Amino acid sequence: MAKARRGRNSLLLESARENRILQALPRDELAAMESDLTLVECRAGQVLDSTPGEDRAYFPTSALLSPIAFLPDGHSIATRLVGPEGVAGLYAPAGREMGLNLITVCGGEAIELRREAFWRHVGQSAKLSRAVAGEMSRAVTAFVLLVACGHFHSLEQRGSRLLLNVFDHLGGGPIRISQQVMADVLGVRRGSVTSMMNILRTRRIVESRRNEVVVVDRPALEQLSCDCYGMLGETPAR
Ligand SMILES: [Zn+2]
């Protein structure tokens, strides 16, 4: 479970409004949710839903999260990225049994709700209900497109798409991401990510240090990315 940090109520609601779904709710509806909200710090690479039977929904306020399937044979792959524009978590029990976990791709904060409280508030708010339905629709679309992307597109293409998506979610600046997390997200070995990053660095598209990537030639990165970059709808509206 992520490290919880409870502050004064007004600060909690102020933080909650950093998430666009919560920000769009009427003030009285968000205030009614307050006692069920917890602001949590999510560390890069952290598995958020590791405690069985304690499913939670996460509304990122600055963290970037991804549901990742860890298969019994050691393979893993991400299904989508969720930042301050969305909500993640609360997968069907079958998903948990198959190794679906919510991972922090880039560290930051999120608003956490227990399963029961989340669905209770969804039932009480038409606006929240519509937003959650929209998220589910986007998630299903992303899942289907990513199956095709993972099957047909090269690691360079997919890696470039991932870096572009993360770059956009963060609004620019250095990307704090480890090569192990990139490997888990892309479904490849860490050594393959190292080789891919060496290529991007040699072409002067990125600079990278330990757990940090700086995009120095965004147009070149976009040219290298597969067309899925524009299709997946992961880029947050700013
Ligand atoms: Zn693709």
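This is a predicted model: local features need pLDDT of at least 70, side-chain atom pairs count only at pLDDT 80 or more; totals for chains, interfaces and linings use all residues.

Me: Which residues of helix 9 are buried?
Reply: Count C-beta atoms, placed from the backbone: a residue is buried with 20 or more others within 10 Å of its own, exposed with 12 or fewer, and partly exposed in between. In helix 9, Val 193, Met 196 and Leu 200 are buried. They span an arc of only 65 degrees around the axis, which puts them on the same side of helix 9. The arc is taken over the directions from the helix axis to the C-beta atoms. Gly 191, Asn 198 and Thr 202 are exposed on the other side of helix 9.

Me: What covers the buried residues of helix 9?
Reply: Look for contacts, meaning C-beta atoms, placed from the backbone, within 7 Å. The cover includes helix 7 (155-170), helix 8 (179-186) and strand 9 (206-209).

Me: At what angle do helix 7 and helix 9 pack?
Reply: Axes are lines fitted to C-alpha atoms, for helices over the stretch in contact, and angles run from 0 to 180 degrees between N-to-C directions. Helix 7 and helix 9 pack at about 80 degrees, with axes 10 Å apart. They are therefore roughly perpendicular to each other. The classes are: under 35 degrees roughly parallel, over 145 roughly antiparallel, 65 to 115 roughly perpendicular, the rest oblique. Leu 155, Glu 156 and Gly 159 in helix 7 meet Ser 192, Met 196 and Ile 199 in helix 9.

Me: How do helix 7 and helix 8 cross: left-handed or right-handed?
Reply: A crossing is left-handed if the near helix is turned anticlockwise from the far one by less than a right angle, and right-handed if clockwise. Helix 7 passes helix 8 in a right-handed crossing. Their axes come within 11 Å and cross at roughly 115 degrees. Helix 7 and helix 8 are therefore roughly perpendicular to each other. Leu 155, Arg 158, Gly 159 and Leu 162 in helix 7 meet Met 182, Val 185 and Leu 186 in helix 8.

Me: Ala 183 is found in helix 8. What is Ala 183 in contact with, beyond its neighbours within four places in sequence?
Reply: Its partners are Val 188, Arg 189, Arg 190 and Val 193. Ala 183 is partly exposed, with 19 other C-beta atoms within 10 Å. Its C-alpha atom is 8.2 Å from that of Ser 76, 107 residues apart along the chain.

Me: Where is Arg 204 placed?
Reply: Arg 204 sits in the loop between helix 9 and strand 9. It has a positive phi of about 60 degrees although it is not a glycine. Arg 204 is exposed, with 10 other C-beta atoms within 10 Å.

Me: And where does Asn 211 lie?
Reply: Asn 211 lies in the loop between strand 9 and strand 10 (212-215). Its phi is positive, near 60 degrees, in a residue other than glycine. Asn 211 counts as partly exposed, with 15 C-beta neighbours inside 10 Å.

Note on methods: Residues are numbered from 1 along each chain as its sequence is written. Helices (H or I, at least four residues) and strands (E, at least two) are DSSP runs, numbered from the N terminus. Two residues are in contact if their C-beta atoms, placed from the backbone, lie within 7 Å.
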